Amino acid sequence: MKKSRVRVLLIGAAGRMGKTIVDFASRAPNIEIVAQCDLGDAIEPAMKNCDVAIDFSHADAIEQICRAALLATASPSSGGQDRPALGGLVIGTTGHSPAQQELIKKTAQSVPIVFASNFSIGVNALFALTHNAAEILSDEFGIEIIETHHRMKKDAPSGTAKTLAEILKKARKIDKEIPTRSIREGDVVGEHTVVFTGPGERVELTHRASSREIFARGALRAAQWVIGKRAGLYTMRDVLGLRICSGAL
Ligand code: NAD
């Protein structure tokens, strides 16, 4: 039987990630971008006419997105009365304030949401490796995170650096902040290094992204995965079935 295509609403469609997703989806046989929204567009009507919404825009869009997602989840699908109009939401945007993060958590009580600071498989492996290294390398080893991105990136530190810091704090069972350096230069897509410095030795774990397609591929995989899941807040770890570093963001 032919599988039907997943109908996607893309928010932030005119941006760097938005354009990459449109391009990637045009080559994916099972995905159809049925609506594209950017600054100033009404999200609510588009949200009721898609299977899943993907957000790569700006943190300030989140109030409008959550309101629209709650309404669309409460409305029946035009194709069948027993399922909601919206099957789920994928949030890739970073830089949310604590209040905005709370709003996402509250919305996830009614809507299945995948919220991930980084959709690349390699970075999610880096998350797991960082957790393991922090456990193996004792408190004698100091820790630092270094992240580098292109000059146009709006938030610092990056969402990925914040996730790495959360993982390190959990693995070390500490509350104090992890020193993080943010470098903005050129057209760097994204680089993250975790440095463990001990007496007479140093361990560095680095991930380098050279193409935004890795995020597009992961976000579309998350979009297909989240449809039909129970309401809740999921991460890329759940999508990939990674059981390591549980409890971290
Ligand atoms: P960008 O600035 O190139 O694009 C953002 C787009 O969103 C722009 O077209 C802008 O007009 C639009 N926008 C801004 N406010 C909006 C609103 N209220 N409603 C609708 N659209 C709005 O940025 P980008 O490089 O494409 O990144 C977008 C976001 O995704 C950033 O927060 C970035 O950190 C994040 N990001 C996440 C991942 C990941 O894997 N999770 C990867 C790359 C980028």
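Biologist: At roughly what angle do the axes of helix α5 and helix α6 cross?
Modeller: Keep in mind that this is a predicted model. Helix α5 covers residues 121–136 and helix α6 residues 159–172. Their axes come within 9 Å, and the crossing angle is roughly 30°.

Biologist: Are α5 and α6 roughly parallel or roughly perpendicular to each other?
Modeller: The axes cross at roughly 30°, and angles under 35 degrees count as roughly parallel. α5 passes α6 in a right-handed crossing. The two helices are therefore roughly parallel.

Biologist: How many nonpolar residues does the contact of α5 with α6 have?
Modeller: From α5, the residues that meet α6 include Val123, Leu126, Phe127 and Ala134. On the α6 side, Leu164, Ile167, Leu168 and Ala171 are among them. By class, this contact has 2 charged residues, 4 polar ones and a nonpolar count of 8.

Biologist: Now the aromatic rings, please. How many aromatic pairs does a search of the whole structure find?
Modeller: A pair of aromatic rings is described by the distance of the centres and the angle of the planes. For pairing, the ring centres have to lie within 6.5 Å. Searching the whole structure on that basis, the number of aromatic pairs found is 2.

Biologist: Is the pair of phenylalanine 56 and phenylalanine 119 stacked, tilted or edge-to-face?
Modeller: The ring centres of phenylalanine 56 and phenylalanine 119 are 5.9 Å apart, with the planes at 55°. Planes under 30 degrees apart count as stacked and those over 60 as edge-to-face, with the rest as tilted.

Biologist: Which type of aromatic pair do tryptophan 225 and tyrosine 234 form?
Modeller: Tryptophan 225 counts as partly exposed at 21% relative accessibility, whereas tyrosine 234 is buried at 17%. Their rings sit 5.1 Å centre to centre, with 80° between the planes. Planes over 60 degrees apart give one type, and for this pair the type is edge-to-face.

Biologist: What is the C-alpha separation of alanine 209 and phenylalanine 119?
Modeller: Alanine 209 is found in strand β9 and counts as buried at 10% relative accessibility. Leaving aside neighbours within four places in sequence, alanine 209 is in contact with Val189, Gly190, Ile214 and Phe215. Alanine 209 and phenylalanine 119 are 90 residues apart along the chain, and their C-alpha atoms are separated by 11 Å.

Biologist: Are α1 and α7 roughly parallel or roughly perpendicular to each other?
Modeller: Helix α1 (residues 16–26) and helix α7 (residues 213–226) have their axes 9 Å apart and pack at about 65°. The residues of α1 that meet α7 include Met17, Ile21 and Phe24, and those of α7 include Phe215, Ala216 and Leu220. Their crossing is right-handed. By angle, the two helices are therefore roughly perpendicular.

Biologist: Is aspartate 60 buried or exposed?
Modeller: The place of aspartate 60 is in the loop between β3 and α3. The C-alpha atoms of aspartate 60 and arginine 217 are 24 Å apart. With a relative accessible area of 55%, aspartate 60 is exposed.

Terms used. Residues are numbered from 1 along each chain as its sequence is written. This is a predicted model: local features need pLDDT of at least 70, side-chain atom pairs count only at pLDDT 80 or more; totals for chains, interfaces and linings use all residues. Side-chain values use heavy atoms; hydrogens and water are left out. Axes are lines fitted to C-alpha atoms, for helices over the stretch in contact, and angles run from 0 to 180 degrees between N-to-C directions. Helices (H or I, at least four residues) and strands (E, at least two) are DSSP runs, numbered from the N terminus. Angles under 35 degrees count as roughly parallel, over 145 as roughly antiparallel, 65 to 115 as roughly perpendicular and the rest as oblique. A crossing is left-handed if the near helix is turned anticlockwise from the far one by less than a right angle, and right-handed if clockwise. Contact means heavy atoms within 4.5 Å. Ala, Val, Leu, Ile, Met, Phe, Trp, Tyr, Cys and Pro count as nonpolar, Asp, Glu, Lys and Arg as charged, and the others, Gly among them, as polar. Rings of Phe, Tyr and Trp (its six-membered ring) pair if their centres lie within 6.5 Å; planes under 30 degrees apart count as stacked, over 60 as edge-to-face and the rest as tilted. Buried means under 20% relative accessible area, exposed over 50%, partly exposed in between (1.4 Å probe, protein chains only).
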